Amino acid sequence: MPVLLALGAALLFGLVFGPHWWVRRAMQQHATERPDLPGTGSELARHLLDLARLEHVLVEIAPADHYDPVSNVVRLSPGNHDGRSITAVAIAAHEVAHALQHAAGDRLLAARVRFAPVVQGFEFLAALMMMTAPVVLAFFHSPVLLALQVGFGIALLGVRLMFNILTLPVEFDASFRRALPILERGHFLDAGDMPGARTVLRAAALTYVASSLMALVSIARFRRLLPF
């Protein structure tokens, strides 16, 4: 029985943390600087946006890679903004693909933009529930009230989990229906570099999967607050 429990714990650990580890590894594996590439990630993003007649969409440096549809800005992390690597090229194309989705009136992207502030509010409330749960138990000495509070927090995190899952089609569309054909048709990378670009684009599409699974860890932490 202890062996089975250990194996089960190892399997659960792999399922939860494995995708997150793989996404980071895929990004880092192809982030080696390549002076032979014709431009940086930001330069490629600017070029692709101009080709699509999206001159109004800006390209900025930021802590994390994302497209801001409210401000119409493609934001790239420092390594991808200024770097010349397969990762920089693929991520730039992926984020530009989100700008193309926005310009085309993609309904799923519009839904994500509309509900993202609501989900962020839920995340804030969930964090508040987690921080105040021990205080509530110490003050009221009520396991029932604690269970209700933790249950509400779990439900709020569940909304985040579902939101991340529902946004996966947006990410897969950006990576494989838009960014990959752009890189292939434009010959921005040599044929030998395309497998690496596909790996990075797959990692970019699965970032939300990894985030969703990491949310399960938070849910598990909530469950441990229960006294039963």
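**Entry 1: the crossing of H4 and H8**

I looked up the handedness of the crossing of H4 and H8 in this predicted model, and I noted that the crossing is right-handed. I then recorded which residues make the contact: Ile-86, Thr-87, Ala-90, Ile-91 and His-94 belong to H4, while Gly-196, Ala-197, Val-200, Leu-201, Ala-204 and Ala-205 belong to H8. Sorted by class, this contact of H4 with H8 holds 8 nonpolar and 3 polar residues, and no charged ones.

I next turned to the geometry. Two packed helices are described by the angle between their axes and the distance between the axes. For H4 (residues 86–103) and H8 (residues 194–205), I found an angle of about 50° and axes 9 Å apart. H4 is therefore oblique to H8.

**Entry 2: helix H6**

I examined H6, which covers residues 143–166 and has 24 residues. From its first C-alpha to its last, H6 reaches 34 Å, close to the 34 Å expected at 1.5 Å a residue. Which residues of H6 are buried? I listed Leu-146, Gln-149, Val-150, Gly-153, Leu-156, Leu-157, Gly-158, Arg-160, Leu-161, Phe-163 and Asn-164.

**Entry 3: Arg-112**

I located Arg-112 in helix H5, residues 107–140. Is Arg-112 buried or exposed? Its relative accessible area is 13%, and buried means under 20%, so I recorded Arg-112 as buried.

I then looked up the contacts of Arg-112, leaving aside its neighbours within four places in sequence. Arg-112 is in contact with His-98, Phe-163, Thr-167, Val-170, Glu-171 and Tyr-208. One of these, Phe-163, also stands in my list of buried residues of H6.

Terms used. Residues numbered from 1 in each chain as written. Predicted model: local features only at pLDDT ≥ 70, side-chain atom pairs only at ≥ 80, totals over all residues. Heavy atoms only, no water. Helix = DSSP H or I, 4+ residues; strand = E, 2+ residues; numbered from the N terminus. Expected span 1.5 Å × (residues − 1). Buried < 20%, exposed > 50% of the residue type's maximum accessible area, 1.4 Å probe, protein only. Axes fitted to C-alpha atoms, helices over the stretch in contact; angles between N-to-C directions. Parallel < 35°, antiparallel > 145°, perpendicular 65-115°, else oblique. Left-handed = near helix turned anticlockwise from the far one by under 90°. Contact = heavy atoms within 4.5 Å. Nonpolar A, V, L, I, M, F, W, Y, C, P; charged D, E, K, R; others polar.
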